[in-house]
Amino acid sequence: MAISKEKFKEMLKKKGLKVTNQRLLVLEVLAEQRESHMTAEDIYELVKEDYPDIGLATIYRTVQLLLEMQLVDCINLDDGCLRYEISESFDGESGRHHHHHLICKTCGRIFSFKADLLDELETHIEEETGFHVLNHELKFYGQCKECREKCLKSTDEHAEV
């Protein structure tokens, strides 16, 4: 789901930021690629298509600024790269993270799992310890459906021999 340039401009102004082509393009790329979990280099390649003079350093500075302004979220999926996604607040959320990541150990693909089933656990933690959870991040490692099917097919073929 893409977000309009006008909404981007409004959000930047509301956060006290200047509206620049670079910022708009980075936000647009992230909004258009919601499921992609993009690295700064991924963002750079897509922004460069519309703005060929942009440098990678500008992407890093822009992403850092947008992180500080809580317009984008940073995710570490333990693959040596920091990845970025549009913030949940773009959808009117209260700044809480409401999806988790499923990481296939075979092909490396990353899937988002939208249901956040940890509200009850957070409430329990607060009741038991007084600790108020502001956010959480959960990553599941395993094998995606396609890789499992390939693996099972391969196992079946070897069993027949």
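The model is predicted: local features need pLDDT of at least 70, side-chain atom pairs count only at pLDDT 80 or more, and totals for chains, interfaces and linings use all residues. Residues are numbered from 1 along each chain as its sequence is written, and side-chain values use heavy atoms, with hydrogens and water left out.

- Three strands make an open sheet with mixed pairing, in the order 4-3-5; strands (E, at least two residues) and helices (H or I, at least four) are DSSP runs numbered from the N terminus.
- Strand 4 (110–113) and strand 5 (139–142) are the edge strands, each pairing on one side only, where pairing requires at least two DSSP bridges between two strands.
- Four bridges join strand 3 (residues 100–104) to strand 5 in the parallel sense, and histidine 101 is opposite lysine 139 of strand 5.

**Salt bridges**

- The count is four salt bridges, each a side-chain nitrogen of Lys or Arg within 4 Å of a carboxyl oxygen of Asp or Glu.
- In helix 1 (residues 5–14), lysine 9 and glutamate 6 are three residues apart, about one helical turn, and their side chains meet at 3.7 Å, N to O.
- Glutamate 6 is exposed at 53% relative accessibility, whereas lysine 9 is partly exposed at 26% (buried is under 20%, exposed over 50%, partly exposed in between, with a 1.4 Å probe and protein chains only).
- Glutamate 146 and arginine 109 form a salt bridge at 2.7 Å, N to O; glutamate 146 lies in helix 6 (residues 145–160) and arginine 109 in the loop between strand 3 and strand 4, so the pair ties together parts 37 residues apart in sequence.
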